Amino acid sequence: MTDNSPLGAGATKPLRLGTRRSKLAMAQSGLVADAVSEVTGRAVELVEITTYGDTSKEHLAQIGGTGVFVAALREALLRGEVDFAVHSLKDLPTTPHEGLVLAAVPVREDPRDALVARDGLTFEQLPSGARIGTGSPRRMAQLNAYARGHGLDIETVPIRGNVDTRIGFVRSGELDAVVLAAAGLSRLGRSGEVTDFLSVDTVLPAPGQGALAIECAAASADLAAALAELDDPYTRAAVTAERALLAALEAGCSAPVGALADLLADGQAVNELRLRGVVGSTDGSSLVQLSTTGPVPTSHDDAAALGRELAAEMLAKGAAGLMGERAL
């Protein structure tokens, strides 16, 4: 009997890693490919897949949100065209997908948002009326709220496109600055272009920002077990709490939600997890921001419960009303 599983005894062909075609996706997948090759002893080849989110020019909220970037990769997985796939975790819908398993969440990169501004300016140094580009209602809500609270006059401008396109708006003078994920710029080797890293006290990142998701077919038990060696338990606990908060808040609606779980250490021992969440109107006029701290979760259920509890508190403080009023 022949063993046809990706990690079967007779398997010598390279493992096929499904990835989006963007420079950032290819860079992220390349890092994972090297790590997987190390733990499996197998060569890994990248299989480029175009997703609807890559080809559509519409804003994310209009084309169905984050899932548009992962659907084609997941279909390729289920059809057996690739052995595993790498996603930016913030692009992954919070509902589990039947037949697939989240095999690993590696150590997280910097979760912060980063500013790339003209003339090397920081956020505080931007001139009055500065035009700041972002495709994220979450960033718009918090940037506008911070500006209101500190007497700054800014205009947030909705943009789409890859990293080159977005930074190009600044280089051409069309915008004064753009806001991007620090992790993506780091993985592209472009951290040197950042003019200011935005404190999470100013702008909470998207749930799961900076983390990668390695997904494979649930039926590929051997491969899932091998990929699990790349899993970082602290990162997984943090993003599980963040995504549970998002799932609870998004029941029936879409919203600009930020969340970050920090692991708090007493000396060398990590003993607590602090989860912060925010939801607001995109003009920044209303913001609900709360936090909770608890023991470091030891299971998926414990981490998810922390997220759901904070979401319930936020909803009680009026988060649901803000989400209902949200304009695209």
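**Helix 1, side by side**

Analyst: Buried means under 20% relative accessible area, exposed over 50%, and partly exposed in between (1.4 Å probe, protein chains only). This is a predicted model, in which local features need pLDDT of at least 70, side-chain atom pairs count only at pLDDT 80 or more, and totals for chains, interfaces and linings use all residues. Residues are numbered from 1 along each chain as its sequence is written, and side-chain values use heavy atoms, leaving out hydrogens and water.

Helices (H or I, at least four residues) and strands (E, at least two) are DSSP runs, numbered from the N terminus. Helix 1 has 18 residues, 23-40, and at 1.5 Å a residue should span 26 Å; its end C-alpha atoms are 25 Å apart, which agrees. The expected span is 1.5 Å times one less than the number of residues.

The buried residues of helix 1 are A25, Q28, S29, V32, A33 and V36. They cover an arc of only 145° around the axis, so they lie on the same side of helix 1. That arc is taken from the directions from the helix axis to the C-beta atoms.

These buried residues pack against strand 1 (15-19), strand 2 (44-48), strand 3 (84-88), helix 6 (182-187), strand 10 (212-217) and helix 7 (221-227). Contact here means heavy atoms within 4.5 Å.

After helix 1 comes G41, whose phi is positive, near 75°.
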